[in-house]
Amino acid sequence: MRILLVASAYNSLAQRLHAELRDRAHTVAVEVTPRGEDVRDAVVRHSPDLVLAPMLRTVVPRDVWETRTCLIVHPGPVGDRGPSSLDWALLEGADEWGVTVLQAEEEMDAGPVWATARVRVPAVGKSDLYRNELADAAVDAALTAVERFASGTYAPLDQRTLASAPGARTRPPMRQATRRIAWSDDPTETVLRKLRAADSQPGVLDELLGAEWFLHGGHPEPLLRGRPGEVLATRAGAICRATRDGAVWIPELRARTGPGEPRACKLPATLALGGRLPALPEVPAPVLPSDGDAGWSDIRYRERGPVGVVSFSFPGGAMSTGQCRRLLAAYRAACERPTTALVLGGARDFFSNGIHLGVIEAAPDPAAESWANINAIDDLVEAVLTTTDRLVVAAIGGNAAAGGVMMALAADEVWCRSGAVLNPHYRRMGLYGSEFWTYSLPRRVGAPAAERLTREALPLSASRAQEIGLVDRVVDCAPACFTDEVTRLAERWAGSPGAPARLAAKKAESERREAVTPLAAVRGRELDRMRRIFFDPDAPYHALRRAFVRKQTAPGAQSVTHAVAGEVADA
């Protein structure tokens, strides 16, 4: 079937549905369409059997939905209407929410229902929920709707005949007046709900140290206390701010800019504040902070029998120079522990998207910071590649892209949650890439497939990644269960009769590999290409990076279009 996927942004859900529909042999075209007129033009060009909109901020024109079936994936249950569905659900503390696939009609979110799915709502930020529990439900519902449409026999249900879910109703867009935190009045739980409901966009607008900032992310602090609104301490780039009855850690800030000014980058809070930040105590995180350590940390270590787990969760999956160095220190410390298997990753959201483009863009010398960042992540990847005394498992619980995918390939085994989306390429940022990808990727999938993956620059579902050898195991579980499940699987491997022989063979293979293809030579060739890109002021990378972090249209950029199932067209 010919399906046109239209979206206001090629976000995680659009990418996942794109990949899942391709896996089912549908011919899929993707159009990133900021305006309703673009939807009309796309329908004329592609003449699809079905239009599917996983994330659309514009209204589908009447002449389109009157002549074609247009299915809208709404992130709310039956009876919920409005553009801020998840925001309201999180702010009001819903334990369960839903996804509705409905047909576009005159009244927004009011058309006939093709499929629904329930969503459990854990205590996480909106973007984490959207990429995980909600995405799982949305894909199930959307694929069900596509199958029902393809059957030609299914009649969608009139919403008026269906019972509305608890809390579902028509609501307006959530504005900053609703999101605003009253530091002297709001208890910690309310502050966290407001922060989570705005993560990662639009953030919570607030005044801090004489300026206006959007606050991004929020985690409870169990011990520190102070005057409500006061900044108490820093840790790993985050700031701790007192509430009425406790405190919260805020990892990122974005400066508010005036009309006509470029949008500011979202940055680690201490970097964003810069010289405004007064002298504050740094609450140091242990090199290997365990689950028993008090307070928030973006790196954690847990040990269960013969298995160590170094989990990390960096906002947006971006890894700055400092974050790469701290993760490398934690990895090396974990390698000193008496374990047989070491799991790297295992968190429920993003695994990694590679270098931190926001920190690079905000640096006084972006080229120099790019160079420092790529070398820092290469140091980490090289440490993984040269670990010979234990099995290393890269556990991809959420989405991964670019250098983050290539970092995972350095491990002996790559285990991926069934709902993850992988983008094993650098092309859309104008980069050649490093992280030893020219060694690790062909070794796993073969040289022709490696060339195709990096050239086509298309997202892969977890199942497709396993089919081509990019990952070794797909773990079919809920996002919240991923860490425990990969730990259990690693324990089972560590106790298996074949484990000692596998480790012995690994060491011998490492020695043979180094004699044939020295890692230093691989790294040198990749970094030579990257250096030329970073330090060329006219390289497309700089404009693409700037447009990405500032949410602008890159010079010369057009709508992303992929005609899939056979030939790939990329405009």
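These exercises concern a predicted model of one protein chain.

**Exercise 1. Find where the model should not be read in detail.**

Step 1. The chain averages a pLDDT of 93, and 96% of the residues score at least 70.
Step 2. Over residues 557–571 the pLDDT falls below 50, although this stretch has 40 contacts beyond near neighbours in sequence.
Step 3. Where pLDDT is low, predicted coordinates should not be read in detail.

**Exercise 2. Describe the surroundings of Ser8.**

Step 1. Ser8 sits in the loop between strand 1 (2–7) and helix 1 (12–23).
Step 2. Its relative accessible area is 15%; buried means under 20%, so Ser8 is buried.
Step 3. Apart from neighbours within four places in sequence, Ser8 has contacts that include Val32, Met55 and Arg57.
Step 4. A polar atom of the Ser8 side chain lies 2.7 Å from the backbone nitrogen of Arg57.

**Exercise 3. Which parts of the chain does the salt bridge between Arg523 and Asp379 tie together?**

Step 1. The two side chains meet at 2.8 Å, N to O.
Step 2. Arg523 belongs to helix 18 (residues 519–534) and Asp379 to helix 11 (residues 366–385), so the pair ties together parts 144 residues apart in sequence.
Step 3. Arg523 is buried at 12% relative accessibility, whereas Asp379 is partly exposed at 33%.

Notes. Residues are numbered from 1 along each chain as its sequence is written. This is a predicted model: local features need pLDDT of at least 70, side-chain atom pairs count only at pLDDT 80 or more; totals for chains, interfaces and linings use all residues. Side-chain values use heavy atoms; hydrogens and water are left out. pLDDT is the predictor's confidence in each residue, from 0 to 100. Contact means heavy atoms within 4.5 Å. Helices (H or I, at least four residues) and strands (E, at least two) are DSSP runs, numbered from the N terminus. Buried means under 20% relative accessible area, exposed over 50%, partly exposed in between (1.4 Å probe, protein chains only). A polar contact is a pair of N or O atoms within 3.5 Å; within protein, one must be able to donate a hydrogen and the other to accept it, and residues adjacent in sequence count only if both atoms are side-chain atoms. A salt bridge is a side-chain nitrogen of Lys or Arg within 4 Å of a carboxyl oxygen of Asp or Glu.
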